[in-house]
Amino acid sequence: MTKTIVGYANRLSVRSGDEIAFHASTYGSGATDVSLVRLTGCDDPDDGGIFEETDIAAEWAGRVEIPHQPIFAGSYAAADGVRAIAGDGGIHFAVFVWQNEWVNNRQCLMSLGRNKGGARLELYLENKVPQVVCGDTAVTSRPISPRRWTLLLIDVDASGQVSIRQYPAPEHGLEMLHTHAPLGDVWNDFYSAPGGDESASPLECWFGAANRDGRPADAFDGKLEQPAFFDRVLRDSEAGLYWNTAPGEHAGLPCNHLWDFASHISGQVAEDRGGASRHCRIVNLPTRAVCGRKWDGTVHDWTVDSSHYGAMHFHSNAIADAEWKPFARWTVPADLPSGLYAAKLVQGESEDYVPFYILPQLDAAKPAIAFLAPTASYLAYANFCIQPQFAALYPQMREDTEGDALLRAHPEFGGGLYDMHPDGSGVHYSSLHRPIVNFRPKASNWAFTADGDIIAWLEQTGETYDTITDDALHREGIDLLDGYQVIVTGTHPEYWSTTMMEALEAWLARGGRLMYMGGNGFYWRIAFDPNGTDCIEVRRAEDGTRAWLAEPGEYYHSFSGELGGLWRRLGRTPQSLVGVGFSAQGFGGSTHYRLTEAAADPRAAFILEGVESEVIGDFGAHGDGAAGEEIDRADFALGTPSHAIVIASSEKHNALMLRAKEELLQTMPPGIEDPEVRADMVFFETASGGAVWSTGSIAWAGSLAHNDYGNNVARISTNVLRRFADEQPFRLP
């Protein structure tokens with residue numbers, strides 16, 4: 001069935017009194033039934049999964065006409081009121097450009113025109129060939145070299161005669177390639193202001209995309225640095241002088257505008273260091289804190305010396321905000337309990353859900369238990385889709401879903417942190433202000449959908465609990481956690497900011513009890529956008545099991561200035577926090593745990609109360625077992641507390657369960673059984689009377705509902721939950 005309706009919300013989490021906006025677009029008829037539901041269980045009921053929704057009254061519910069709303073992807077920088085026409089009546093433009101070798105389609109580097117419309121003067125690359133374009137006329141040059149910085153000097157005199165000069169990165173002195181040709185009569189349409197008087201009709205300039213009625217087109221995949229307009233033609237010797245300037249400097253050359261892309265790296269603006277001060281606004285998240293022409297390997301932290309980071313990396317598929325008009329705005333009432341909710345959109349046989357979490361009221365009494373929804377992981381895996389070449393490695397996740405078909409039809413929805421841009425660079429940023437087709441109930445049983453299994457289990461225990469989120473934890477820090485005795489994680493709490501990590505560590509130090517009910521947790525450091533958008537950033541630095549590699553010199557987050565990469569390599573191992581850390585992944589089926597001899601320790605008796613079998617979890621919805629997909633093990637050398645009890649370990653994983661890359665000093669020979677490929681269930685007490693219990697497996701949650709919760713996985717989980725909620729302190733052995 002073809003999906004005809006899709007939406008998103010502008011918030012991941014809200015409290016009573018907060019406003020949330022719901023946005024949607026239709027690809028069929030516009031008449032849509034919209035409603036508010038509460039979700040407990042998010043699996044696809046057609047596959048026998050746990051799914052339950054409850055209708056909630058909302059004043060905006062009913063039949064709504066929803067229009068089709070396009071998305072215009074592509075990152076760019078834009079400045080208005082530009083003084084591009086020089087005193088001699090010409091235009092003299094300079095920019096440094098860098099592009100990967102396999103990008104060959106026609107893309108716009110600069111688009112200059114008048115606010116009142118008419119012809120535009122534009123600079124393109126096609127098959128690495130620079131082209132100065134005005135209307136239907138193009139003047140072309142020779143190809144630039146891939147992955148090598150080139151200074152382009154574009155001069156157009158008052159009669160429309162074009163000069164294109166190329167100065168590739170100097171290795172043995174500055175080279176120069178020169179093209180000279182007329183633009184023709186179309187130049188007169190562009191050059192319509194009498195005597196070049198821009199005050200009669202001001203110019204606007206975009207970098208990284210062509211401006212088509214205020215929307216990006218022909219967007220660029222590559223880096224640009226220090227675009228500038230000069231007041232006269234630069235001599236060749238002055239071009240060499242300009243090559244050697246630091247970002248934001250013009251060496252006394254007659255500069256009307258010079259945009260410093262090394263400025264305000266954590267923000268959405270680039271400063272104009274020329275005489276006119278027409279600063280650029282940054283749109284759709286070009287990658288910042290990337291190496292420019294001055295990077296020589298001596299600086300790796302842009303906060304120490306930003307002159308090495310004077311570039312922006314633009315992307316033709318980047319998207320920060322779909323900018324759809326909302327069909328409803330809603331102020332959250334005080335009488336709705338904390339939990340998982342969604343706007344439900346139904347259009348004929350097609351439906352969509354727009355999930356969000358309602359947090360407890362700030363002044364409300366807190367119950368003992370809170371479920372911490374890993375919303376950062378939801379953003380990281382946004383629009384994740386198994387590519388055909390990897391299908392054999394992911395047999396459980398390769399089904400062709402309705403969401404996969406929608407993503408293929410609409411690549412402008414953008415990817416998440418597991419995708420690459422068209423030029424092969426990794427996607428560093430992920431935003432919630434666009435459709436995310438796997439942040440939905442009934443999607444592939446992974447991340448958000450799998451976390452619904454934990455919510456459904458919490459509901460059936462009858463225990464009172466609140467729902468809180470990663471994004472709120474980053475905003476509020478330990479204040480969000482204080483007052484709760486038990487925090488229950490989701491299945492895949494992989495992505496953690498420093499603020500989140502420090503809050504959890506401090507809460508545990510005060511006696512908190514943590515139930516880590518997943519795998520591959522506490523793995524990557526991320527940064528949140530300081531401008532409050534909830535957009536996240538990752539830098540996949542140095543090591544780790546990862547979908548792409550950060551470029552050398554680009555390991556520090558642009559949002560926070562912090563070194564990115566694995567928390568393990570930053571000296572804060574998951575093992576020291578929760579007793580286990582990522583050891584292996586594989587999607588060819590799950591297996592079971594077997595109790596260890598240490599399980600007989602009286603300290604673990606409460607965990608195994610009522611459990612009769614030494615085999616745990618040989619059943620489940622995630623590969624027919626509780627131990628699988630991504631798994632963690634104890635490692636005392638990496639910080640597992642010395643008094644921790646390894647209660648159970650998994651066994652008999654298949655050949656597709658492979659050791660995590662960062663675990664190996666060299667490759668593992670094929671066919672060798674690896675004893676380090678296992679999930680460990682671990683328990684330990686803390687000095688402040690708290691405790692930690694970890695399952696070490698993403699698949700654990702998929703076994704909870706087996707046999708209507710009458711199984712040893714659910715029994716163990718409930719035993720731990722109720723003992724952790726008991727105020728009696730734990731004691732160190």
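Predicted model: local features only at pLDDT ≥ 70, side-chain atom pairs only at ≥ 80, totals over all residues.

Colleague: Which residues of α2 are buried?

Modeller: α2 covers residues 236-243, and the buried ones are E238, A239, G240, Y242 and W243.

Colleague: OK, what about the largest nonpolar core? How many residues does it have?

Modeller: That core has 125 residues. W693 and W700 are the ones with the most contacts inside it.

Colleague: What does W700 touch?

Modeller: Leaving out residues up to four places away in sequence, W700 touches M517, Y593, I616, A626, M681, W693, T695, V713, I716 and S717. There's also a second, separate core, with 41 residues, including V82, C134, F190 and L203.

Colleague: Why would residues like that group together?

Modeller: As a general point, nonpolar side chains in soluble globular proteins tend to be buried together.

Colleague: Switching topic: how many cavities of 30 Å³ or more are there?

Modeller: Searching the whole structure turns up seven of them. The largest cavity holds about 130 Å³ of space.

Colleague: What lines the largest cavity?

Modeller: Its lining is made of 15 residues, and A318, I319, H421, V427 and Y429 lie nearest the centre. Sorted by class, the lining has five nonpolar, nine polar and one charged residues.

Colleague: And the second largest cavity, how much space is in there?

Modeller: About 80 Å³. The residues lining the second largest cavity are Y8, A9, R11, L12, V354, P355, L379, L432, R434, I436, F439 and R440.

Colleague: Which strands supply at least two residues each to that lining?

Modeller: β1 (5-9) and β27 (350-358) each do. By class, the lining of the second largest cavity has nine nonpolar, no polar and three charged residues.

Colleague: Then take C42: buried or exposed?

Modeller: C42 counts as buried, because its relative accessibility is 0% and the cut-off for buried is under 20%.

Colleague: And why does C291 get its label?

Modeller: C291 has 6% relative accessibility, so C291 counts as buried too.

How values were computed
Residues numbered from 1 in each chain as written. Heavy atoms only, no water. Core = buried A, V, L, I, M, F, W, Y, C linked by side-chain atoms within 4.5 Å. Buried < 20%, exposed > 50% of the residue type's maximum accessible area, 1.4 Å probe, protein only. Contact = heavy atoms within 4.5 Å. 1 Å grid on protein atoms, 1.4 Å probe; cavity = no way out; pocket = protein on both sides within 12 Å on 5 of 7 lines; lining within 4 Å. Points joined across faces, edges and corners; volume = space filled by probe spheres on them. Nonpolar A, V, L, I, M, F, W, Y, C, P; charged D, E, K, R; others polar. Helix = DSSP H or I, 4+ residues; strand = E, 2+ residues; numbered from the N terminus.
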